[in-house]
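Visitor: I would like to learn how to read salt bridges and a helix in a model of this kind. Could we go through them one at a time?

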Amino acid sequence: ISLHPKTRVVFRLPSATNAPASASVGDFGPRTAWSPHAPLLAVAHGSQVSLTSIACDDVSGLVPVAERQASLGPPTTAAVVELRFLSSSVLLALTSNLTIVFVDAHSLAPLETISVVSLDLAFETAPDGAVSYAPCLAVSGRTAFLLGMGGLYKAAVLTWAERVQGLAQRGKFVSALRLATAFYRGTGAAAVGLPLPHDSPQAKATIAKLIAELLVAYVELFNAALAAEAGAGLETKVSALTSLVVETCVLIRATDKLLPQLYEACCTEALVRDLESGELLSPRETLLQTLEPYLLDGRLRSLAPVLMHDFVELYAKLGKLQIVSRCILNMALPSLDFHQVVTLCRSAGLWEALIYVFTAGLGDYLAPLDDMFRAWLAAQSRGSESDLGYKLLLYISYTLQGRAFPTGAIPDDHDPVRGKLSM
């Protein structure tokens, strides 16, 4: 209802079907992640809760621009008698059976249910017998105050950071990291205290900072526990730790600084048997192995020099040089130790990787050709069979066609004329 310049109805929200008018309660809330540009009207009809995003139009007044509806439970669920916004992320619903339901203001999913029957809440009774619980409930910020016959009670909603830190303080680091990464992805419910919109760079940077602190603390705690532990089962624990570290660093895009820091912090003394190869590896070496699928499928395009150096050395020791070659073909060249990679490729015959490093990194088409030709001549003089001659011809053919070897693609930054002239 507008009071100025004259009294008039500017917006009317229809009641839900078959819901009595007396069952309707509501609250006007702040902007939320779902509706960052317009405030929300929350209304309950029985156990049905609806959110309506309200925009103000100078011509037509208040108009609904979007709406969501959900039920707090089956049709037999008690009706909502009071409804309040505790924050832009959480609604508090008091039901007729004296139960408080905290509701996510984004999805309208119930988050937590608490019975308050024992508080003996104060209420008003009208002459016609209707009961009102409005006097017993007040909200200030994210704190709700409940007035009972024996005292005043309060319940506060924790911020997203307090929830994460609370789990970590109880030693539940994995759960804390899972919850924090859910907030980072935008799937965490009731992100109280997080800057709006929740997917903004500012919000993500805030979450990423807390995640980094949790990872560092978790790795230090894990190292201390690992030094005191021995026996079966360590392999699974170390593998789970390294997988969590790499997955989280890739998610928050912290592979340049945080991942090397965590790698250096990993224990090197304790040896556990690798579940796949059977080799005895330190947790630091297990972390290097965890990088493999991320390098092969392109999720990780660069590595800090110390990580790349140790990754190559470990895989050379394990006899997995072909995997190193495939990883190099997917990587951004500035992250590679040029001397180390070239020396490895020449000694191990990783010709595809050698060609990629020289052509894409230096624009040099002749150096790999010269190396391959010399290796082919040496193989011929020994009388040994080799497919190097075929690779040589294929490399020359691709280069003359202006295509990159060995993929056959024509990247945007490729200079086909330079390659042809070199040949």
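Guide: In this predicted model, the side chains of D370 and R374 meet in a salt bridge, at 3.0 Å from N to O.

Visitor: Where do D370 and R374 lie, and how many residues apart are they?

Guide: An α-helix has 3.6 residues a turn, so residues three or four places apart point the same way. Here D370 and R374 both belong to helix α12 and are 4 residues apart, about one turn of the helix. D370 is partly exposed, with a relative accessible area of 36%, while R374, at 56%, counts as exposed.

Visitor: Which parts of the chain does the salt bridge between R178 and E247 link?

Guide: The side chains of R178 and E247 meet at 3.5 Å, N to O, and this pair links distant parts of the chain, with R178 in helix α2 and E247 in helix α4, 69 residues apart. R178 is partly exposed at 42% relative accessible area, and E247 is partly exposed at 28%. R178 and E247 also belong, together with R185, to a network of salt bridges.

Visitor: Turning to helix α11, is it largely enclosed by the rest of the structure or largely open?

Guide: One can count the residues under 20% relative accessible area, which are called buried. In α11, 9 of the 12 residues are buried, so this helix is largely enclosed by the rest of the structure. The buried residues include W351, L354 and F358, and what covers the buried residues of α11 includes α9, α10, α12 and α13. After α11 comes G363, whose phi is positive, near 70°.

Technical notes. Residues numbered from 1 in each chain as written. Predicted model: local features only at pLDDT ≥ 70, side-chain atom pairs only at ≥ 80, totals over all residues. Heavy atoms only, no water. Buried < 20%, exposed > 50% of the residue type's maximum accessible area, 1.4 Å probe, protein only. Helix = DSSP H or I, 4+ residues; strand = E, 2+ residues; numbered from the N terminus. Contact = heavy atoms within 4.5 Å. Salt bridge = Lys/Arg side-chain N within 4 Å of Asp/Glu carboxyl O.
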